[in-house]
Amino acid sequence: MRCGDFRETYREDMAIFETSFARGLLVLFLLALSLAPAFLSFFWMDVLNRILIAVIAATGLNILTGFTGQISLGNAAFLAVGAYSTAFFAGRMGLPFLLVIPLAGVMSALVGMVFGIPSLRLKGLYLAVATLAAHFVIEFTASHWDGVTGGVNGISVPAAKLGGFQLDGDRRLFYLILPITVLLLLFAKNLFRTKTGKAFVAIRDQDISAEVMGVNVFKYKLLSFGVSSFYVGVAGSLLAYHANIISPENFPITVAIDQLGMIIIGGLGSILGSIFGAVFITVLPEVLRVATGELATTFPKLVDLFAPLKSGIFGLAIVLFLLFEPDGMAARWHSIRTYWKLYPFSY
Amino acid sequence: MIGPLPVSQGYLYSMASVAVLLVLFSAFFKYTRAGIAMRATAFSQQVALSMGVSVQHIFALAWSIAAVVSAIGGVLLGGIRGGVDGAFAFFGLKVIPVVILGGLDSVLGAIVGGLVMGILENLAGGYLDPIFGGGVKEVAPFIALVAILSLKPYGLFGKVKIERV
């Protein structure tokens with residue numbers, strides 16, 4: 001373990017892992033995670049899969065909102081585009097999932113870029129409203145284009161197949177979702193070491209300055225919408241495989257708000273933050289459910305209060321984080337880590 | 001009954017209260033110290049601060065006025081629809097196209113925007129619903145919204161913000 005910052009070269013400064021120890025730890029963690037299906041119950045496998053899908057979606061939103069500074073309320077809709085594309089390509093055309101998942105991402109990216117066009121002229125509140133409009137337009141399409149989306153009744157998605165092996169059920173699906181999550185997280189982490197990623201951050205910090213420095217603001221804003229929606233589309237595709245049947249009710253506006261909550265609580269502009277936030281927001285209702293179940297014998301009325309309790313705690317968490325830790329859980333994690341690094345001799 | 005048109009009492013009361021409120025607010029923003037201070041804060045918080053306006057108080061005031069006005073709207077709406085339910089929460093989303101069309105910082109814009117959007121909604125619902133099989137009424141304002149935002153982002157009566165470098 002090193003006890004300070006010894007960055008002597010640009011290479012060291014840009015490195016993802018500070019030490020090979022950290023890299024080893026992560027590999028160990030992933031190995032442990034990949035063994036999870038052997039130990040977790042059916043219920044917690046389902047939660048784990050939903051966490052991983054939420055991690056992908058939150059990372060996508062963080063690329064757009066946290067790193068490029070373009071707020072979006074259209075995430076639930078982009079998720080829907082990914083899910084319905086999966087239903088179409090896998091169900092109607094019978095393509096294998098290795099093709100379907102990237103295609104769903106691309107479809108979502110295209111739709112995201114179309115609704116990103118107003119971002120050329122709009123920012124802040126106006127952009128939020130424009131993406132909100134995108135949500136309602138796509139929701140309308142999903143519930144009325146019966147030929148493709150199955151309308152309000154929904155549409156079923158065939159299970160993913162690898163050769164003759166069916167990837168159905170939470171345990172098997174986990175081995176499809178986990179590698180994709182890791183791959184996308186790695187890509188996102190690396191994206192911000194490249195010119196494109198740095199352009200995103202420049203636009204977030206000051207768009208006019210970025211333009212002056214030679215960053216093509218419109219091009220990179222659109223690109224950011226594209227990359228972000230691609231992530232969300234892939235998440236939607238996995239969600240479709242996970243849910244088997246999708247209908248417009250799977251993608252209400254609250255999903256988009258939940259995802260904004262994830263990146264605010266986790267940390268805007270931080271990949272690690274999206275992971276923390278997604279885990280927190282997905283696990284919160286499950287923990288509450290277990291807790292209310294345990295307490296139901298002593299306080300029978302608690303069961304009725306479950307839904308309001310969930311939204312209440314969700315809102316409270318967002319407000320408290322905005323007040324006391326605007327940089328989210330990722331910043332807290334960082335300060336805890338630096339504290340323990342030199343623990344007894346911090347000065 | 002107004003002439004040959006049957007109009008329910010609820011609508012008449014609503015219209016009367018809306019008219020009173022509009023006059024009150026126009027006067028408030030134009031003539032009172034608090035109203036002018038609010039507009040100054042909206043224009044530039046820093047300049048308002050340096051002119052002795054307590055921005056903190058203005059924000060508190062703005063939030064409470066907004067809440068009171070929304071509550072009045074809720075009471076009127078409840079009177080018209082004859083009941084209150086959870087769907088009221090989504091009504092807040094429906095006003096967004098209205099204020100964007102009119103311009104965010106214009107009281108007149110809110111009236112004109114409300115009328116235009118209401119008519120658009122019902123015309124779209126009436127003519128297009130048979131083609132698309134229902135639901136156009138809810139989504140039409142948002143389609144219009146995208147067009148407005150692309151063509152005239154600050155609405156009909158909103159103040160155009162110009163960025164110069």
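User: Hi! Which domains is chain B divided into?
Analyst: Hi there! In this predicted model, chain B splits into domain 1, residues 1–83, and domain 2, residues 85–165.

User: Thanks! And how many Å apart do the C-alpha centres of the two domains of chain B lie?
Analyst: The C-alpha centres of domain 1 and domain 2 of chain B are 19 Å apart.

User: How many residues does each domain of chain B bring to their contact?
Analyst: Domain 1 of chain B brings seven residues, and domain 2 of chain B brings six residues.

User: Which elements give two or more residues to the domain 1 side?
Analyst: On the side of domain 1 of chain B that touches domain 2, those elements are α1 (9–31) and α4 (55–81) of chain B.

User: What classes of residue make up that domain 1 side?
Analyst: The side of domain 1 of chain B that touches domain 2 of chain B has four nonpolar and three polar residues, with no charged ones.

User: Okay, new topic. How many residues does the contact take from chain B and from chain A?
Analyst: For the contact between the chains, 15 residues come from chain B and 14 residues from chain A.

User: Which elements matter on the chain B side, by giving two or more residues?
Analyst: Two or more residues each come from α5 (88–102) and α7 (136–151) of chain B. Of these, α7(B) gives the largest share of the side that touches chain A, with seven residues.

User: And what is that side of chain B like by class?
Analyst: The side of chain B that touches chain A has 11 nonpolar residues, three polar and one charged.

Note on methods. Residues are numbered from 1 along each chain as its sequence is written. Chains are lettered from A and ligands numbered from 1 in the order in which they are written. This is a predicted model: local features need pLDDT of at least 70, side-chain atom pairs count only at pLDDT 80 or more; totals for chains, interfaces and linings use all residues. Two residues are in contact if their C-beta atoms, placed from the backbone, lie within 7 Å. Helices (H or I, at least four residues) and strands (E, at least two) are DSSP runs, numbered from the N terminus. Ala, Val, Leu, Ile, Met, Phe, Trp, Tyr, Cys and Pro count as nonpolar, Asp, Glu, Lys and Arg as charged, and the others, Gly among them, as polar. Domain bounds come from an automatic or database domain assignment.
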